[in-house]
Amino acid sequence: METHNLNSDTIHQTLTKPIFLVGLMGCGKSAIGSRTAKLWELQFYDMDKVIEQEEGLTVTQIFEEKGEAYFRQKELELTERLIKLPPCIIATGGGAFMNENIRSLIQKNAISVWLKADYEVLLERVSRKKTRPLLEQGNKAEILRSLMEQRTPYYEQAHVTVMSDNRPHKAMIKQLKKNILQFTSGTKE
Ligand code: S3P
C-alpha cells in the first residue's frame, strides 16, 4: 500500500541528509519541526529533549548542577550521532549553532535552516516560559536583544532561511519546503 502522500513524496525524493533547524529561543524550532516531520513523514528529534531524557534532568537542572559547558558538550556529542541519520528533522537548541564544531558538522553533512524571527515576536514567545536558563539570569528583553546581536551572524550562515512569524504553521511549512527544494536543486551532492 502507498504510504506517502504527495507532499512527503517530493521531499523524500529530494532529501539525502538530515535537516537541522537553527535560530534563537522562541523562533519555533520545536513547534514547526515536529509539525513538518509529521507532514513529511520523517523522524523528528528535539535536541534539548533528547539530552534531558538521556541525562534524566531538565535543561535548567543541567545548567545549575553540571554547568553550561557540560550541556554544550552534550550538544556536540548528540550532533555527532544525529548527523549520521538518514533524512529527518532536528530541532537544535538556540546555542548549538554557535559552537564551531557543531556548525561545521551541520554545514558539511546536513541542511541547516534558520527560522528567522523579529525581536518582538521572540520576546513575546519566550516571556511565557521560565524554562530557559540563559534568560533567567537577568532582564529577559535585554538578554534576548544581546543574544540576537551576537548570534545573527552565525544563523545567517545557514543554507536556508525561513521567516518565522505569526502566520499559520501550514504557510511556514510550505515556505520551508519551497526554500529547501530551491537550495537542493542548486547543490551538487
Ligand atoms: C539555549 C536555548 C535552549 C536550550 C538552552 C540554551 C540557547 O533551546 O538549548 O536553554 O543558548 O539559546 P531553545 O532554543 O529550544 O529554547
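**Labels and cut-offs**

Analyst: Val-113 stands opposite Val-160 in strand 5. The model is predicted: local features need pLDDT of at least 70, side-chain atom pairs count only at pLDDT 80 or more, and totals for chains, interfaces and linings use all residues. Residues are numbered from 1 along each chain as its sequence is written, while side-chain values use heavy atoms, without hydrogens and water.

User: What makes strand 4 and strand 5 a pair, and in which sense do they run?

Analyst: Pairing requires at least two bridges found by DSSP. Strand 4 and strand 5 (residues 160-163) have 4, in the parallel sense. Strand 1 (residues 19-22) also pairs with strand 4 in the parallel sense, over 4 bridges. There, Val-22 has Trp-114 of strand 4 as its bridge partner. The elements themselves are DSSP runs, numbered from the N terminus: helices are H or I with at least four residues, strands E with at least two.

User: Why is strand 4 called largely enclosed?

Analyst: Of its 6 residues (111-116), 5 are buried, so the rest of the structure largely encloses strand 4. Buried means under 20% relative accessible area, exposed means over 50%, and partly exposed lies in between (1.4 Å probe, protein chains only).

User: How do you know that Leu-115 counts as buried?

Analyst: Leu-115 sits in strand 4. Its relative accessibility is 2%, and the limit is under 20%. Therefore Leu-115 counts as buried. Contacts (heavy atoms within 4.5 Å) link Leu-115 to residues including Leu-21, Cys-27, Ile-32 and Val-162, leaving out those up to four places away in sequence.

User: What about the buried residues of helix 6?

Analyst: Ile-102, Arg-103 and Ile-106 are the buried residues of helix 6 (residues 100-109). Their arc is 100 degrees seen down the axis, so they too line one face of the helix. They pack against strand 1, helix 5, strand 4 and helix 8. Glu-100 and Lys-108, on the other side of helix 6, are exposed.

User: Which residues lie nearest the centre of the largest pocket, and how many line it?

Analyst: Ser-30, Asp-48, Lys-129, Thr-131 and Arg-132 lie nearest its centre, out of 35 lining residues. By class, the lining has 10 nonpolar, 11 polar and 14 charged residues. Charged means Asp, Glu, Lys and Arg; nonpolar means Ala, Val, Leu, Ile, Met, Phe, Trp, Tyr, Cys and Pro; the others, with Gly among them, are polar. Helix 2 gives the most to this lining, with 4 residues.

Methods
1 Å grid on protein atoms, 1.4 Å probe; cavity = no way out; pocket = protein on both sides within 12 Å on 5 of 7 lines; lining within 4 Å. Arc of directions from axis to C-beta.
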